[in-house]
Amino acid sequence: MDVKKFKEKYGAWAIVTGASSGIGEEYAQQLAAMGIHLILVARRIERLIKLGQQLEEKHHISVKSIECDLSKPGFEVDLLKNVEGLDIGLLINNAGMNIEGAFYRGGFERNQQMMYLNMHAPFILAYHFAKVFAEKGKGGILFTGSISSFQSYPYLTHYAATKAYILQLSEGMHYEFKDKNVDITCLCPGITLTEMAKGMKPNILTMEVAPVVKAGLEGLGKTSSVVPGFVNKAMIGISRHLFSRHANLKFNGDMMKKTLPAVRKDINKKSL
Ligand SMILES: NC(=O)c1ccc[n+]([C@@H]2O[C@H](COP(=O)([O-])OP(=O)(O)OC[C@H]3O[C@@H](n4cnc5c(N)ncnc54)[C@H](OP(=O)(O)O)[C@@H]3O)[C@@H](O)[C@H]2O)c1
């Protein structure tokens, strides 16, 4: 990647949501290494502060850490006030949560929290910053979707639906903002070894976080969506081009039933 060009287009500051762990933390690491100043956003402020201090020392950048629950309606009022005056050129719209298991697992409130966090918050931030960047004549937005953005996953039903929304939003915006010199891309990872995938042992389907994030940063400005890793790309390519939606739905449902312990427990329960 041409770091000079990247900084010219997406500097001086990047805002990274969900920077306290996993993919967001890795985005912070890789952007800091390019000399981009960072605004780190998540609920666990002590983690953000520690990470920020490490990155400031190591890469001689400035870091602002903001404690924010992105699932709370109205979160943007304080957040946007906090970043006023900073020359932000890149939004990493990454924070997210999942709920695995049968449809009613997690309950209504947690499902609603997931809707706000996975769809509402990225939309609000993209709505705000796409305009800022278009007026500036440059900038970028990276969404974090998932391979489940591409097709339905029973027993991950609602999560996959939130990620389908993100991919559609991102792709449409990619097209509309291209001639405004604003790059918009959706990174669609498969299983990535973060807190979200805790307990998973590395196997052919899992990826370390660093190459996933690298693929996202390299895809920005080049394409509307990025599926990182050969195995994930092959899986999505084969399922989309060789099988019907219905066949994929059945395959995914049967596979989830067999592989997710939470699903097996739910299926054996008598009540919903
Ligand atoms: N890991 C995978 O296998 C995988 C695969 C495909 C897509 N993804 C997507 O990748 C993104 C990052 O997830 P990850 O894998 O890096 O998992 P992770 O390690 O659990 O990170 C999730 C991040 O989101 C933040 N977050 C959660 N709830 C929040 C809230 N209410 N307000 C603000 N921030 C919140 C967390 O910070 P706090 O808890 O400190 O708030 C954390 O920084 C998500 O959008 C996820 O859907 C992950």
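I began with Thr-17, which counts as buried because its relative accessibility is 2%; buried means under 20% relative accessible area, exposed over 50% and partly exposed in between, with a 1.4 Å probe and protein chains only. Before going on, I noted that this is a predicted model, where local features need pLDDT of at least 70 and side-chain atom pairs count only at pLDDT 80 or more, while totals for chains, interfaces and linings use all residues. Residues are numbered from 1 along each chain as its sequence is written, and side-chain values use heavy atoms, with hydrogens and water left out.

**Entry on Thr-17**

I found Thr-17 in strand E1; strands (E, at least two residues) and helices (H or I, at least four) are DSSP runs numbered from the N terminus.

**Entry on the cores**

Next I looked up the largest nonpolar core, which has 47 residues. Such a core is a set of buried Ala, Val, Leu, Ile, Met, Phe, Trp, Tyr and Cys residues joined through side-chain atoms within 4.5 Å. Leu-70, Phe-129, Ile-141, Phe-143 and Met-173 have the most contacts inside this core. Elements that each supply at least two of its residues include strand E1 (13–17), helix H5 (107–136) and helix H6 (157–177). Helix H5 gives the largest share, nine residues. I then followed Met-173: beyond its neighbours within four places in sequence, Met-173 is in contact with Ala-126, Ala-130, Ile-141, Phe-143 and Ile-184. There is also a second, separate core of 33 residues, including Phe-6 and Tyr-27.

**Entry on the ligand**

How many residues surround the ligand? I noted 29, and the closest are Ser-20, Arg-43, Asn-94, Tyr-159 and Thr-194; a residue is near if one of its heavy atoms lies within 4 Å. For polar contacts I used pairs of N or O atoms within 3.5 Å. A ligand oxygen is 3.0 Å from a polar backbone atom of Gly-18, and an oxygen atom of the ligand is 2.8 Å from one of Ile-23. A ligand nitrogen is 2.9 Å from a polar backbone atom of Leu-70. Taken alone, the ligand exposes 880 Å², and the protein buries 94% of that; the areas come from the Shrake-Rupley method with a 1.4 Å probe.

Notes: Contact = heavy atoms within 4.5 Å. Polar contact = N/O pair within 3.5 Å; in protein donor to acceptor, adjacent residues only side chain to side chain.
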